[in-house]
Amino acid sequence: MKSRLRSLLSSLQRPPVRDPEYQANLEQAINHLRRSHRVLIITGAGISADSGLPTYRGIGGLYEDKMTGDKVPIEVALSGEMMRLEPQLTWKYIHQIESACRGAHFNEAHRVIAAMQDRFESVCVLTQNIDGFHRDAGSRELIEIHGNIHELHCVQCDYDTWVTDYSAIEIPPRCPKCGALVRPRVVLFGEMLPEAALESLYQQFQRGIDLVLSIGTTSVFPYIAGPVHQARRAGIPTIEINPGDSEVSAIVDHRLKQRAVIAMQNIWEQL
Ligand SMILES: [Zn+2]
């Protein structure tokens, strides 16, 4: 009995059998990282999914059927034009997205990325996510290409503010200085990307990048897939962490088909 119990216990303690292809790619990814000094990490909804956030398409994919209860497609409700014409409607859906994120926090993958700053000369994070988790985790070189849902600003004057959540906000909020509309500093459908963010990304490539790591993004946006293509053309190693297929899966050097939290923990343990 005892020996059977012992063998059962030892089998439970044994590490799970891992996919040999995953292991090989993990090793290669770690080898590339060990040789790198300046790393660009690109993140999307997949990394925040491990914090319990819904993986939405762009900013609005919370809605599976693409139509809102107000009979307009979500892309229209969450557009820059609607924010100008009917801010009440746009705010309603931004508020819903914010509610879905409320109470969620950054996870182990965000933490590992921030911790990597002590091991590398530069760890720049280009994120599509508006949840602010990379900032919360301590990433310093951060390009929030779609903005941050916690940053609000007046459309007329220079008033801006930071809110933890929207629970105390009257929708749509008005500027305490001039009375005009206050909105989140996020990129709505049909709006331009922030020039400063694009400039920062350009500067990163100018200064030199040794490795590009894409995590949890389907890379449907050209400015998200672009740096991976650019790295590929320049002979810079590219790695993707994503359980599913993305627009860049076919061109990256190494694919880790795994959730962000698990893959980043595996990398961190062995780096
Ligand atoms: Zn104002």
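1. The donor residues of the zinc ion follow the spacing C-x2-C-x17-C-x2-C in sequence. They are Cys154, Cys157, Cys175 and Cys178, each coordinating through SG at 2.2 to 2.4 Å. Donors are taken as N, O and S atoms within 2.8 Å of the metal (3.2 Å for Na, K and Ca), and water is not among the atoms, so sites may look incomplete.

2. On the basis of the model: this is a prediction, in which local features need pLDDT of at least 70 and side-chain atom pairs count only at pLDDT 80 or more, while totals for chains, interfaces and linings use all residues. Residues are numbered from 1 along each chain as its sequence is written, and side-chain values use heavy atoms, with hydrogens and water left out.

3. The geometry of the site is tetrahedral because the 4 donor atoms around the zinc ion subtend angles of 100 to 118 degrees. Four donors count as tetrahedral if all angles lie between 85 and 135 degrees. For four tetrahedral donors the ideal angle at a metal is 109.5 degrees.

4. Two of the zinc donors, Cys154 and Cys175, are 21 residues apart and link distant parts of the chain. Cys154 belongs to strand β4 (residues 147-154), whereas Cys175 sits in the loop between β5 (160-162) and β6 (182-186). Helices (H or I, at least four residues) and strands (E, at least two) are DSSP runs numbered from the N terminus. Cys154 counts as buried because its relative accessibility is 3%; Cys175, at 5%, is also buried. The classes are buried under 20% relative accessible area, exposed over 50% and partly exposed in between (1.4 Å probe, protein chains only).

5. β4 pairs with β6 in the antiparallel sense over 5 bridges, and Val182 is the bridge partner of Cys154 in β6. β4 and β5 also run antiparallel, joined by 3 bridges, with Asp160 of β5 as the bridge partner of His153. A hairpin of 5 residues connects β4 to β5. Pairing requires that DSSP finds at least two bridges between two strands.

6. The loop between β5 and β6 also holds Pro172. The peptide bond from Ile171 to Pro172 is cis, with omega near -10 degrees.

7. Lys71 has phi near 65 degrees and is placed in the loop between α3 (45-49) and α4 (74-77); its relative accessibility of 71% makes it exposed. Ser219 has phi of about 55 degrees and lies in the loop between β7 (211-215) and α10 (222-233). With a relative accessible area of 2%, Ser219 is buried.

8. Ser122, in strand β2 (residues 122-127), is buried at 2% relative accessibility. Its side chain forms a polar contact of 3.0 Å with that of Glu141. Such a contact is a pair of N or O atoms within 3.5 Å; within protein, one must be able to donate a hydrogen and the other to accept it, and residues adjacent in sequence count only if both atoms are side-chain atoms. Beyond its neighbours within four places in sequence, Ser122 is in contact (heavy atoms within 4.5 Å) with His37, Arg38, Val39, Glu141 and Gln204.

9. As to the overall fold, the protein has 11 helices and 9 strands. Of its 271 residues, 50% count as buried.

Notes:
Four donors count as tetrahedral if all angles lie between 85 and 135 degrees; four count as square planar and six as octahedral if opposite donors are over 155 degrees apart and all others between 65 and 115; anything else is irregular.
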